[in-house]
Structure formats: structure tokens, C-alpha cells
Amino acid sequence: MHLPWTLKYKPKTLSEVIGNEKAKEKILQWIKEWSRGVPEKRALLIYGPPGVGKTVAVEALANDLNMELVQSNASDYRTAEAIQRFAGRSSQYGTLFGRKRLILFDEIDGITGSADRGGLREITKVIRRARTPIILIANDPYDPRFSTLRKFCELVEFKKPTMTQIIKLLTRICSLEGIRAERDALKVIAERAEGDVRSAINDLQALAQGKDKLTFEDVAWLGRRDRKEVIFNVLRRILYSRSLTGALRAANEADVDPDMLLEWIYENIPYHVKNPKELAAVMEMLALADVYRGRATASQDWSLMRYYIDFMTAGVSASWSKKSPGWTPFKFPSRIMTMSKSKEEREMLREIGLRIGRRCHISADKAAKDVIPFLKVIFQNNPEMKDGLARWFGLNEDMVKFLSGEK
Ligand SMILES: Nc1ncnc2c1ncn2[C@@H]1O[C@H](COP(=O)(O)OP(=O)(O)OP(=O)(O)O)[C@@H](O)[C@H]1O
Ligand SMILES: [Mg+2]
């Protein structure tokens, strides 16, 4: 089992948290105020997009200042009672031996529904009386539900680190992993992550782990649309969904090309479904999906696509017991990777095929399949015939080199 690199390279001190210098400064200022008594705002509300280091910054801060971090997230404090249990008393006193305490309410966006209104009210109450620093984290602090709460908090915005900062971090990780990475490759990964550091690190791990080098070609095939974080979530929801509709919905809601999705599922299933019988059943579902895809394409009857999607989502999900083998990284479909690696080759074959086709009145495809293999043998063994044929087909220098196996 692998350790996720987001854990392995998780910042231990605030200085390792990339970007957000202003925000970090503001947090430090505020926490220092506490040593001079209770400050005007007893809580900080840190907000910003996912994966930019909000949670990790608070953990690093507590570590730097040797504070005890009392930490939990939304599922732990849905009700007023739970909040009292979690933070009521600890917000009143320090620890016995004078170690300072820091209370963290993480992911408060996760508090939902009317039953949880009481929860938010209770948090506000805790803040108003707090004698220890409290930090809250949200993605969207301007959610109307937080309007009262917000008044008692100092707001700190976390922004997406810059491309350069992310590339620098990825470079550091690569060198620690002993991977020689081309800057352009890391740039592609950083750009795709759109400021989400977590997702950049996850992408890097999926693409580079175990390799000794990472080239631009290794990553160039990644489309922006099928961003990995998105597709990983979709995969997780499909594979581990507890209901058929859930699995189906995951696919429908995702803006992911179905053929691409099939490749992803196909590639990743063996790492998750460990029981051979279940694996066979799951593969059978993918095979059926593929049959329907074939029929839909052949008959142009796109209503059949429904079954294609049903089999690869609900069908797959229903065919196994969903016992997670522990943390398993999702993998990029290697078939697509190799296909794109040989993209140049395929283009070359097609160009040559077209020229042969023009002379022999056959399709470029047929030429590539039936004629080129023989041409290769001739080109590599008989220079005279090679020149003649090259002239007759009108092949350029690159094509001749390709057929002669010089490239
Ligand atoms: N600014 C950063 N510097 C270094 N590593 C980072 C940074 N931001 C994120 N990471 C990496 O990504 C992981 C996740 O970060 P973190 O949990 O802090 O994100 P977050 O902003 O709290 O996201 P969410 O809103 O989804 O909770 C960290 O463990 C770390 O490995
Ligand atoms: Mg977080």
C-alpha cells in the first residue's frame, strides 16, 4: 500500500505551506494577541477554495507554537450537544500543564439542514465566551447561514498559490522521490490543478510514482476536462456507491466522456476488487457495457447508450461487495497513455497510408494494414526498390526514414 504523497509531504511548519503569505501573517498576528489577553475577535474564519492548505496551515501553526489542537469536522458536531461536548469545556480552560489550546472547527460548510441550525448557533455561543483561540474553516464564508457567526470572526482569505509556487513544490517532491521531472511536465500538472495543491500532488503521484523520470510526453495527453480530482471522485462514487442510482448519478453529473470513463473504470477495478469471482462479475458488466456501446455506434441508435452507461456504473457497483482494500491510489488508464505516446506514429502511418491509397485505390486504413508491413520489409532490405517505390508513391524523406526503420 502506498502512502499518499499529500500526507507524506504534508507541511509540518507554517513556512512549508506555500503561498498565502498575507494570510499566514494575519493568523500569526491574531494568535499572538492571545498572549496579551482575549482579543476583540475570539475566532478566525479561514476561507478559500479546496486544497490550498487551509487545514494544513492550522495544523502547522499548532505544531509551530506547540499548542494542543482540538480538532474535528462537521460530521462530529451536527448538534448543539455535540458541540458542547467537543468545544464547550475546552474553550474555557487551557490544559493542565499550561500548554495552550487551539480549537478548530473544520469544514463548517458541511453543517447542513435545519436540524443543524442549532449547531451553528451553538458554535456562535462557544465563540462569544471563548477563552482559548478558535479557528473555523469554510469554503464559502458568505453563505447566509453563517451571517451571525461571521460577525464574531475575523476573516482570513486563503487564495490559490501561483503556478510557479506549485511547480516549485512539485519539483521538490520529485527530487525527494528521486524522479527527474521535466519542467514542462510539471507545468502541465500544475496548470490542470488550477490552484488546487492537493490535486496537483495527487496527479503527480499517479503519474510519476515509481518512475525515475517524468517527461512532457508522459503528461501531455491529459485533457483539462477530465481533471483527475473530478474523475477520481466519480470513480469512487461509482465503485463504492451503496445504491444503483448513486452510481448512475455519479456518471451523469460528471462532465466526463463515457469512453474515457470506461477506460478509467477498466484500469482501476483490479486494484479495488480483490475477490476473483467478484472481479469476473465486474468485468462481465464492463464487457456488456462495451457490447452496447458497439451496438449503439453500429446502428446509430443512441438510445442504446443508456444501457452502456447503466452497465458500467450501476452494473459494476452492484457486482461486488465494496470492501475497500485500504487506501489505493487511482491510476491513469495506461491504454490511453500508450495510445497517445504513439500518436505521432499513428499519424505517420495514416499519411503514408493516404499516399499508398491514392496509387492503389484503397483506403488509408487498408493500406496501413495490408501494404505498409510489406513496404517496411522492402525498404529495409532492398535500396533500389526502395527508391523506386518511394518515388512512385510520392513519399517524403521522413516517410522513407520511417519505413526504413531509421526513426
Ligand atoms: N499551500 C500548501 N502548501 C503545501 N502543501 C499543500 C498546500 N495546500 C495543500 N497542500 C497539500 O494538500 C493537502 C491538503 O491540504 P488541506 O487539507 O490543507 O486543504 P484545504 O485547503 O483544507 O482543502 P479543503 O477545503 O478541501 O478542506 C495537504 O496535506 C498538503 O499535502
Ligand atoms: Mg480542509
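This is a predicted model: local features need pLDDT of at least 70, side-chain atom pairs count only at pLDDT 80 or more; totals for chains, interfaces and linings use all residues.
Helices (H or I, at least four residues) and strands (E, at least two) are DSSP runs, numbered from the N terminus.

The crossing of helix 8 and helix 9 is right-handed; a crossing has this hand if the near helix is turned clockwise from the far one by less than a right angle, and is left-handed if anticlockwise. Helix 8 brings Leu 186, Ile 189, Arg 192 and Ala 193 to the contact, and helix 9 brings Ser 199, Ala 200, Asp 203, Leu 204 and Leu 207, contact meaning heavy atoms within 4.5 Å. Sorted by class, six of these residues are nonpolar, one is polar and two are charged. In this sorting Ala, Val, Leu, Ile, Met, Phe, Trp, Tyr, Cys and Pro count as nonpolar, Asp, Glu, Lys and Arg as charged, and the others, Gly among them, as polar.

Residues are numbered from 1 along each chain as its sequence is written, while chains are lettered from A and ligands numbered from 1 in the order in which they are written. Local features need pLDDT of at least 70, side-chain atom pairs count only at pLDDT 80 or more, and totals for chains, interfaces and linings use all residues, while side-chain values use heavy atoms, with hydrogens and water left out.

The largest nonpolar core holds 51 residues, and Leu 170, Leu 204, Leu 214, Ile 265 and Met 312 touch the most other members. Such a core is a set of buried Ala, Val, Leu, Ile, Met, Phe, Trp, Tyr and Cys residues joined through side-chain atoms within 4.5 Å. Apart from it lies another core, of 24 residues, including Ile 108, Val 126, Leu 136 and Leu 155. Leu 214 of the largest core touches, among others, Ile 179, Leu 186, Ile 189, Leu 204 and Val 219, not counting residues up to four places away in sequence.

With helix 15, the angle is about 30° and the axes are 11 Å apart, which makes helix 13 roughly parallel to helix 15. Helix 13 passes helix 15 in a left-handed crossing. Their contact draws on Pro 258, Asp 259, Leu 261, Leu 262, Ile 265 and Ile 269 of helix 13 and on Tyr 308, Ile 309, Met 312 and Val 316 of helix 15. Nine of these residues are nonpolar, none polar and one charged.

With helix 14, helix 13 packs at an angle of about 165°, the axes again being 11 Å apart, and helix 13 is thus roughly antiparallel to helix 14. This crossing too is left-handed. On the side of helix 14, the contact includes Leu 279, Val 282, Met 283 and Leu 286. The class count here is ten nonpolar, no polar and three charged. Met 283 is partly exposed, at 25% relative accessibility; buried means under 20% relative accessible area, exposed over 50%, partly exposed in between (1.4 Å probe, protein chains only). Beyond its neighbours within four places in sequence, Met 283 is in contact with Tyr 266, Ile 269 and Pro 270.

Asn 268 lies in helix 13 and is buried, with a relative accessible area of 0%. Leaving out residues up to four places away in sequence, Asn 268 touches Leu 235, Pro 329, Phe 330 and Lys 331. Lys 331 is also 5.8 Å from Ala 206, C-alpha to C-alpha, although the two are 125 residues apart in sequence. Ala 206 lies in helix 9 and is partly exposed, at 28% relative accessible area.

Asn 66, in the loop between helix 3 and strand 2, has a positive phi of about 55° although it is not a glycine. Gln 300, in the loop between helix 14 and helix 15, likewise has a positive phi, near 60°.

How values were computed
Axes are lines fitted to C-alpha atoms, for helices over the stretch in contact, and angles run from 0 to 180 degrees between N-to-C directions. Angles under 35 degrees count as roughly parallel, over 145 as roughly antiparallel, 65 to 115 as roughly perpendicular and the rest as oblique.
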